[in-house]
Amino acid sequence: MSVSVVLAPNPSLLTGPGTNTYLVGDGDDLACIDPGPDEPEHLRNIESAVRAQHGRVRTVLLTHSHPDHRPLARRLAEQTGARLLALDPGDDGAQPIRDGDTVQAGSTMLRAVHTPGHASDHLCYFDAQSAELFAGDHVLSGMTTVISPPDGDMSDYMESLQRVLALRPAVIHPGHGRTIDDGVAAIERYIAHRLEREAQVAEAVRRRGVPTAPIDVVPEIYAAYPEALHAFAARSVQAHLDKLVRDGRATRVEEGDPPRYLVG
Ligand SMILES: [Zn+2]
């Protein structure tokens, strides 16, 4: 299997260096995973990467529908004649692909793995032969995934991490950031990091002792992060608190935006 990456020109706080668009398969049968933002420059870069390997894109695969991953899909599929597959059919002509479905790209067979958490429609794609995982935003490198309720769900996310851990991937190709060469250890670090955050969130809310909105505990827990990220961090804190409520360890005492919680 050959894997090449085309970096989209959309760097930001949330996308890191930009979205990774992957070309997978061989020669005249390539799958393009996550075409990325609908930018003419990015489409040109994908096309020249395909030309450089004398290839042809026959399948366009989406890991999820967020605006840094999906918008170029329709145009790329139209220009190349490729079929477009996504869990959420959307409005761009995608055909449905579901958990366990397989897609052939040359000699490579990719299996779709439903991994809700970052987004409810999130799929990873796994090549069992090489033990390589195309992780979308389920596992990133150099940054953490924002889990933003209600479409983002921390309970689902933790279960989905166990799901990809069970695949024992050697290599992870993330939606943002560099290739991860110690796949299993990286997922274990991810799980440990989330559990540590969960404990910090529970402890910070418990110590306040009054109905607490997610943003109230962000400066303390995310002290090492730039303030520009605090609003996003508050989304993940809310996701942690919603999970704690489900686990019977917190109470949601006020609905609304933002909701407020008590622990202990
Ligand atoms: Zn993304």
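**View 1. Pro149 is a buried residue, with a relative accessible area of 9%.** Buried here means under 20% relative accessible area, exposed over 50%, and partly exposed in between (1.4 Å probe, protein chains only). This is a predicted model: local features need pLDDT of at least 70, side-chain atom pairs count only at pLDDT 80 or more, and totals for chains, interfaces and linings use all residues. Residues are numbered from 1 along each chain as its sequence is written, and side-chain values use heavy atoms, with hydrogens and water left out. Pro149 sits in the loop between E10 and H3. Helices (H or I, at least four residues) and strands (E, at least two) are DSSP runs, numbered from the N terminus. Leaving aside neighbours within four places in sequence, Pro149 is in contact (heavy atoms within 4.5 Å) with Arg235, Gln238, Ala239 and Asp242. His240 is 91 residues from Pro149 along the chain, and their C-alpha atoms are separated by 9.7 Å.

**View 2. Asp153 and Arg246 meet in a salt bridge through their side chains.** The N to O distance is 3.2 Å. Asp153 lies in the loop between strand E10 (132–136) and helix H3 (154–165), and Arg246 in helix H6 (residues 230–246), so the pair ties together parts that are 93 residues apart in sequence. Asp153 counts as buried, at 15% relative accessibility. A salt bridge is a side-chain nitrogen of Lys or Arg within 4 Å of a carboxyl oxygen of Asp or Glu. Side chains of opposite charge can pair when their charged atoms come close. The whole structure holds 16 salt bridges.

**View 3. Glu203 and Arg207 form a salt bridge (3.3 Å, N to O).** Both residues belong to helix H4 (residues 183–208). They are 4 residues apart, so about one helical turn separates them. Glu203 is partly exposed, at 30% relative accessibility. Arg207 is exposed, with a relative accessible area of 51%.

**View 4. Asp242 forms a salt bridge with Arg252.** Their closest N and O atoms are 2.9 Å apart. Asp242 lies in helix H6 and Arg252 in strand E12 (residues 251–254), so this pair ties together parts that are 10 residues apart in sequence. Asp242 is buried, at 13% relative accessibility. Arg252 is partly exposed, at 30%.

**View 5. Glu198, Lys243, Asp247 and Arg249 belong to one network.** Salt bridges that share partners join these four residues.
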